[in-house]
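This briefing is meant for a reader who is meeting the structure for the first time. Please look over the sequence and the model below, and then follow the points topic by topic.

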Amino acid sequence: MSDSILTVLKFCLLALLYVFLMRVVWIVARELRGSAAVTAAPIVPAPAPPPNSAARPSKRREWRLVVLTPETERGRSYPIEGDSTIGRGGGCAVALTFDTFVSQVHARAFDRDGTLWVEDAGSTNGTLVNSKRITEPVKLRKGDRVQVGETVLEAQR
């Protein structure tokens, strides 16, 4: 190979390296901002409860999310009361500080009229319900599995 071809290849490699580093810095800065990702994602409200639902007392137990994986955190339970954020940030109701693949505010779980819902909050890696990526609020049933980052949570009553 001639020297001119090697020089062009060196510059191409250097350009790719700079593009890679800029992408890494952009992702890290986005994660550090945390709440900015949440405001960018539209939060769709759950369906409104029927008018007489407030009059009848709820005999159902509250929803909770229980960690299935990782094994070191297995069994840890997080009650879902009203709106609960799921993420790595300290202010989240379901704080998964042990999982580096979870965004600062990754998802939102909420109980509406005894039904548990979950939605992604504009996370980097997305939210999966029963191994399917979600793009809008999804109604959960007992036993459904929610994956955020590398953590798998199970909906329980």
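This is a predicted model: local features need pLDDT of at least 70, side-chain atom pairs count only at pLDDT 80 or more; totals for chains, interfaces and linings use all residues.

The largest nonpolar core has 20 residues, and among these Leu65, Ile86, Leu116 and Val148 touch the most other members. At least two residues of this core come from each of strand E1 (64–69), strand E5 (107–112), strand E6 (115–120), strand E10 (145–148) and strand E11 (151–156).

**The chain as a whole**

- The protein chain contains two helices and 11 strands, and, read from the N terminus, its elements run α-α-β-β-β-β-β-β-β-β-β-β-β.
- Of the 157 residues in the protein chain, 36% are buried, while the chain exposes about 10000 Å², of which carbon and sulfur atoms supply 60%.
- Among contacts in the protein chain with a separation of 6 or more, 43% are between residues 24 or more positions apart.

**The core and Ile86**

- In soluble globular proteins, nonpolar side chains tend to be buried together.
- Ile86, one of the core members that touch the most others, is in contact with Leu65, Cys92, Val94, Leu96, Val105, His106, Ala107, Ala109, Val148 and Leu153, when residues up to four places away in sequence are not counted.

**The six-stranded sheet**

- Strands of a sheet pair through backbone hydrogen bonds, either parallel or antiparallel.
- Six strands make up an open sheet in the order E2-E1-E11-E10-E7-E8, and their pairing is antiparallel.
- At the edges of this sheet are strand E2 (77–79) and strand E8 (132–133), each of which pairs on one side only.
- Within the sheet, E10 and E11 are paired in the antiparallel sense over four bridges, and Gln147 has Val152 in E11 as its bridge partner.

**The five-stranded sheet**

- A further open sheet is formed by five strands in the order E4-E3-E5-E6-E9, and here the pairing is mixed.
- Its edge strands are strand E4 (94–95) and E9, each pairing on one side only.
- E5 and E6 pair in the antiparallel sense over six bridges, with Asp111 standing opposite Leu116 in E6.
- The hairpin of E5 and E6 has two residues between the strands, and in it Asp113 takes a positive phi near 55°.
- E6 and E9 also run antiparallel and are joined by three bridges; Leu116 stands opposite Leu140 in E9, and the bridge partner of Val118 in that strand is Val138.

- E6 is mostly covered, since six of its six residues are buried.
- The cover extends to both faces of E6, with Thr115, Trp117 and Glu119 buried on one side and Leu116, Val118 and Asp120 buried on the other.
- A pair of aromatic rings is described by the distance of the centres and the angle of the planes.
- The structure holds one aromatic pair, which is formed by Phe110 and Trp117 and is stacked, at 6.4 Å centre to centre and with 0° between the planes.
- Both Phe110 and Trp117 are buried.

- The side chain of Glu154 is joined to that of Gln156 by a polar contact of 2.7 Å.
- Apart from neighbours within four places in sequence, Glu154 is in contact with Arg64, Leu65, Val66, Leu68, Gly143, Asp144 and Arg145.
- Gly143 touches Glu154 and Ala155, not counting residues up to four places away in sequence.
- From C-alpha to C-alpha, Gly143 and Leu153 are 9.4 Å apart in space, and they are 10 residues apart in sequence.

Terms used
Residues are numbered from 1 along each chain as its sequence is written. Side-chain values use heavy atoms; hydrogens and water are left out. A nonpolar core is a set of buried Ala, Val, Leu, Ile, Met, Phe, Trp, Tyr and Cys residues joined through side-chain atoms within 4.5 Å. Buried means under 20% relative accessible area, exposed over 50%, partly exposed in between (1.4 Å probe, protein chains only). Contact means heavy atoms within 4.5 Å. Rings of Phe, Tyr and Trp (its six-membered ring) pair if their centres lie within 6.5 Å; planes under 30 degrees apart count as stacked, over 60 as edge-to-face and the rest as tilted. Two strands pair if DSSP finds at least two bridges between them. Accessible areas come from the Shrake-Rupley method with a 1.4 Å probe; for residues, only the protein chains shown count as cover. A polar contact is a pair of N or O atoms within 3.5 Å; within protein, one must be able to donate a hydrogen and the other to accept it, and residues adjacent in sequence count only if both atoms are side-chain atoms.
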